[in-house]
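Please look at the sequence and the structure shown below. The paragraphs that follow take up a few places in turn.

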Amino acid sequence: MSNTKKLRPRLLIVSGPSGVGKGTLLKRVAAESGLPIVMSVSATTRTPRPNEKNGTHYHFLTDKQFQEKRNAGEFLECFEVFGKGIWYGTLRKEVESGLNDGKLVVLEIDVKGAMSVKKQFPDAITIFVEPPNIDTLKERLRGRGTESDEAMQNRLNTAIEELNHAHEFQKRIVNDNLDTAVKQFINAINN
Ligand code: 5GP
């Protein structure tokens with residue numbers, strides 16, 4: 001029998017277009033996998049949605065606050081995700097504190113951010129969540145009703161662009177049936 005014990009992954013990077021259902025999927029995975037998952041709370045300069053709490057969904061920052069943190073090197077990665085002007089970034093301290101607590105730290109970030117973190121943490125697992133097709137994604141984005149027409153168009157354009165990078169990820173999961181996607185996701189982390 002081999003005595004090489006398989007090490008549990010420490011960092012999980014999840015990308016996929018806005019509206020694909022990453023949030024719902026990750027909640028189920030956290031509840032059902034039995035793994036000590038902690039979500040890294042990103043910083044952003046976008047306006048909070050009505051249901052969003054500062055410090056829980058994001059650290060909502062002004063442009064000035066964000067750039068100060070950026071200049072101080074507090075971000076592991078940061079990018080303008082939907083064209084110019086709206087920044088998102090992973091705070092080093094979020095990742096470090098989760099890793100120090102022995103957790104599996106999950107980053108739900110865009111493709112550019114994912115590739116940047118993977119370079120810095122080569123052992124991280126990368127998973128890309130895809131919609132069954134682009135029409136489903138459009139419907140989900142519209143159904144959410146949280147974005148203006150312009151913001152939605154921006155998100156769709158970014159989604160199409162991001163789908164072209166899906167092959168750069170170690171695992172790809174199609175979020176068609178949620179139960180199936182949850183199972184595939186948990187398998188992907190454990191294998
Ligand atoms: P939303 O505005 O819908 O909350 O997030 C939109 C997208 O921003 C997400 O799908 C995710 O890909 C990206 N995002 C969220 N946080 C970060 C982050 O810290 N860094 C990067 N690079 N992208 C992020």
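In helix α5, the residues Ile 134, Leu 137, Lys 138, Leu 141, Arg 142 and Arg 144 meet Met 152, Arg 155, Leu 156, Ala 159, Ile 160 and Leu 163 of helix α6. Sorted by kind, the residues of this contact of α5 with α6 are eight nonpolar, no polar and four charged. The model is a predicted one.

How do the two helices lie against each other? Two packed helices are described by the angle between their axes and the distance between the axes. Helix α5 covers residues 134-144 and helix α6 covers residues 149-163. They pack at an angle of about 150°, and their axes are 11 Å apart. The crossing in which α5 passes α6 is right-handed.

The next topic is charged side chains. How many salt bridges does a search of the whole structure find? The search finds nine. One of them joins Glu 32 to Arg 28, with the closest N and O atoms 2.4 Å apart. Glu 32 and Arg 28 are separated by about one helical turn, because they are four residues apart in helix α1, which covers residues 22-32. Glu 32 counts as partly exposed because its relative accessibility is 43%, and Arg 28 counts as partly exposed at 25%.

A salt bridge also links the side chains of Arg 46 and Glu 52, at 2.8 Å from N to O. Are these two residues buried or exposed? Both Arg 46 and Glu 52 are buried.

In another salt bridge, the side chains of Lys 112 and Asp 110 meet at 3.4 Å from N to O. Lys 112 has a relative accessible area of 38% and is therefore partly exposed. Asp 110 has a relative accessibility of 10%, so this residue counts as buried. Salt bridges can also share partners, and in this way Arg 28, Glu 32 and Asp 179 are joined into one network.

Three residues in loops come next. Ser 42 is placed in the loop between β2 (37-39) and β3. With a relative accessible area of 9%, Ser 42 is buried. Leaving out residues up to four places away in sequence, Ser 42 touches Tyr 58, His 59, Gly 89 and Ile 109.

Thr 45 is in the loop between β3 (43-44) and β4 (59-60). Thr 45 counts as buried because its relative accessibility is 16%, and the cut-off for buried is under 20%. What does the side chain of Thr 45 reach at 2.9 Å? This side chain reaches the backbone nitrogen of Trp 87. Trp 87 is also one of the residues that Thr 45 touches when residues up to four places away in sequence are not counted; the others are Leu 61, Thr 62, Asp 63, Phe 66, Gly 85 and Ile 86.

Glu 74 belongs to the loop between α2 (63-71) and β5 (75-80). Its relative accessible area is 31%, so Glu 74 is partly exposed. Where sequence neighbours up to four places away are not counted, Glu 74 touches Lys 69, Thr 90, Leu 91 and Arg 92. How many residues apart in sequence are Glu 74 and Ile 86? They are 12 residues apart in sequence, and 18 Å apart in space from C-alpha to C-alpha. Ile 86 is among the residues that Thr 45 touches.

Note on methods
Residues are numbered from 1 along each chain as its sequence is written. This is a predicted model: local features need pLDDT of at least 70, side-chain atom pairs count only at pLDDT 80 or more; totals for chains, interfaces and linings use all residues. Side-chain values use heavy atoms; hydrogens and water are left out. A salt bridge is a side-chain nitrogen of Lys or Arg within 4 Å of a carboxyl oxygen of Asp or Glu. Helices (H or I, at least four residues) and strands (E, at least two) are DSSP runs, numbered from the N terminus. Buried means under 20% relative accessible area, exposed over 50%, partly exposed in between (1.4 Å probe, protein chains only). Axes are lines fitted to C-alpha atoms, for helices over the stretch in contact, and angles run from 0 to 180 degrees between N-to-C directions. A crossing is left-handed if the near helix is turned anticlockwise from the far one by less than a right angle, and right-handed if clockwise. Contact means heavy atoms within 4.5 Å. Ala, Val, Leu, Ile, Met, Phe, Trp, Tyr, Cys and Pro count as nonpolar, Asp, Glu, Lys and Arg as charged, and the others, Gly among them, as polar. A polar contact is a pair of N or O atoms within 3.5 Å; within protein, one must be able to donate a hydrogen and the other to accept it, and residues adjacent in sequence count only if both atoms are side-chain atoms.
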